[in-house]
Amino acid sequence: MQTGDESLIFKASHMHKAFGPTIALKDVDFELHRGEIRGLIGENGSGKSTIMSIASGMQPATSGEMFYKGQPWAPKTMLEAQNGGIAMILQESNTIPGVTVAENLYAGREKEFAKFGFISMRKMYKAADEVLAKFNITGFKGSTKINTLSFETRKLIEIIRAMEKDPDILVVDETTTALSFDGREILYKIINDMAANNKAVVFISHDLDEIMDKCTHVTVLRDGEIIDTLEKSQFEKKKISSLMVGRDIGDAYYREDFTPSSQEEVGLEFKDVCSGPIKDFNLKVHKGEIVGIGGLSDCGMHLIGQIGFGARKVSSGEVLRGGTHITSPSKAIKHGVGYVSKNRDTEALILEAPIKANILLPSLSLISKFSFISPKTENDMVNAEIKRYSIKAPSSKTYVSKLSGGNKQKVSFAKWTAAKSDVIIMDCPTRGVDVAVKQAMYKIINDMKNAGKAILLISEEMTELIGMSDRLLVMKDFKVNKEFMRSPDLKETDIIEYML
């Protein structure tokens, strides 16, 4: 990597960003050099995504200035920034529904394929196919409708769209949690190639292990301010965690007991369930038990969560809550089954509604009397959940769309603790959540177990499954390939061979 001013590719000086009364960035100075893979890490709402969203044209700064390749930089749109050489891959889904892969790849650039005012879709499809081949992506073409692809594959399309213009700076914002195993490997290769070619990458993530493994430097933010920047030789998990939260979070993280336990009563049962590629799936989740399900993204584990909540129909077999057949989400909610979806922005939350409305939605039937709901009861319930999860927002009236990714996830979790659900299906429940909040959530999950709730924990994080589960099922090719019982000796390497 070059040293000195000639290596400086981006600089922000005295950057300040306010959202009404909320201060997201406070007089931030930030420099990025060629050849760096710079990790940005901090608690939810710390400002890490805000810095790069300003740099990539998503929103303007309130004050301050930016320089890119030595010149003043103030892009008005993401497309302008991308054309200039700074591309950002967002945390949440950013594909255009209802159109093709090619139309997503070349959104805003259709004129490149126009002649006499008409767009040649044939040329656009051909160009898209060539780009997909360049990145060794198979299984679909430029003409494929985007809606037919999985969430993970759509996220991969966003990566290719960002890379298609050959950017000098790539910003990766919490993207790996939304990718399949193969998708992550493609992204990691892109990141390493960019650094090797004297370009720069900004890697925003809550995954400390990933940050420490992939990055050359890491910048820690807290409450809108840069706390420190560390080089690779200074990386230490406990030190970075302490810088993030401003205190030592201690060693207690996952459950501290290592004996699998549960009550005799079954909370949720899958009985000979068939649904699409899932065939003859059987599982009993007992009260007071955490059953973990892990595997690669496309192994079928996410489908199991949808089936258990009644969001995916079964062709045969049954899902039982007590003696009740769960056939729809409304029936699941009525009978005490909650569901934390992996795809929170499209499935778990109403973005253009307040925090209050989102938290209350599953509980309306519980707190209403003769179709009347006491405002005090509503406010008490919502405020209790905001306090429980330390949701950072000006008030309960704040729209969810205005929250950081981690605070959105807290709201999606709070819905079900407010509703006092006895069975909770959690699909990647700590996705996009910082280390301190993860620690708090794991305590809440363990408290739920001790209170006798039945928990189905679906996750792509092996450490999370090992740390929290009484039983751990490993899925491969849409069926259970191996079952492990809770043990202090269980390691990731024991599990991975049954996933691949």
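User: What is the handedness of the crossing of α14 and α15?
Analyst: The crossing of α14 and α15 is right-handed, that is, the near helix is turned clockwise from the far one by less than a right angle, anticlockwise being left-handed. This is a predicted model, in which local features need pLDDT of at least 70 and side-chain atom pairs count only at pLDDT 80 or more, while totals for chains, interfaces and linings use all residues. Residues are numbered from 1 along each chain as its sequence is written, and side-chain values use heavy atoms, with hydrogens and water left out.

User: Which residues make that contact?
Analyst: Met381, Glu385, Arg388 and Tyr389 of α14 meet Lys410, Phe413, Ala414, Thr417 and Ala418 of α15, where contact means heavy atoms within 4.5 Å. By class, the contact of α14 with α15 has five nonpolar, one polar and three charged residues. Ala, Val, Leu, Ile, Met, Phe, Trp, Tyr, Cys and Pro count as nonpolar, Asp, Glu, Lys and Arg as charged, and the others, Gly among them, as polar.

User: At what angle do their axes cross?
Analyst: The axes of α14 (residues 375–389) and α15 cross at roughly 130° and come within 10 Å. Axes are lines fitted to C-alpha atoms, for helices over the stretch in contact, and angles run from 0 to 180 degrees between N-to-C directions. The two helices, α14 and α15, are therefore oblique to each other. Angles under 35 degrees count as roughly parallel, over 145 as roughly antiparallel, 65 to 115 as roughly perpendicular and the rest as oblique.

User: And how far apart are the axes of α15 and α16?
Analyst: The axes of α15 (residues 405–418) and α16 (residues 435–450) are 13 Å apart, at an angle of about 15°. The pair α15 and α16 is therefore roughly parallel, and its crossing is left-handed. Gln409, Lys410, Phe413 and Thr417 in α15 meet Val437, Met441, Ile444, Ile445 and Met448 in α16.

User: Turning to α5 and α6, which residues meet there?
Analyst: Leu156, Ile159 and Met163 in α5 meet Gly183, Ile186, Leu187, Ile190 and Met194 in α6. By class, that contact has seven nonpolar, one polar and no charged residues.

User: New topic: how many cavities of 30 Å³ or more are there?
Analyst: A search of the whole structure finds one. On a 1 Å grid over the protein atoms alone, a cavity is a set of points where a 1.4 Å probe fits but cannot get out, and lining residues have an atom within 4 Å of a point.

User: What lines the largest cavity?
Analyst: Its lining consists of Leu465, Ile466, Ser469, Leu472, Phe484, Met485, Arg486 and Leu490. The elements giving two or more residues to this lining are α17 (462–468) and β24 (479–485); helices (H or I, at least four residues) and strands (E, at least two) are DSSP runs, numbered from the N terminus.

Notes. 1 Å grid on protein atoms, 1.4 Å probe; cavity = no way out; pocket = protein on both sides within 12 Å on 5 of 7 lines; lining within 4 Å. Points joined across faces, edges and corners; volume = space filled by probe spheres on them.
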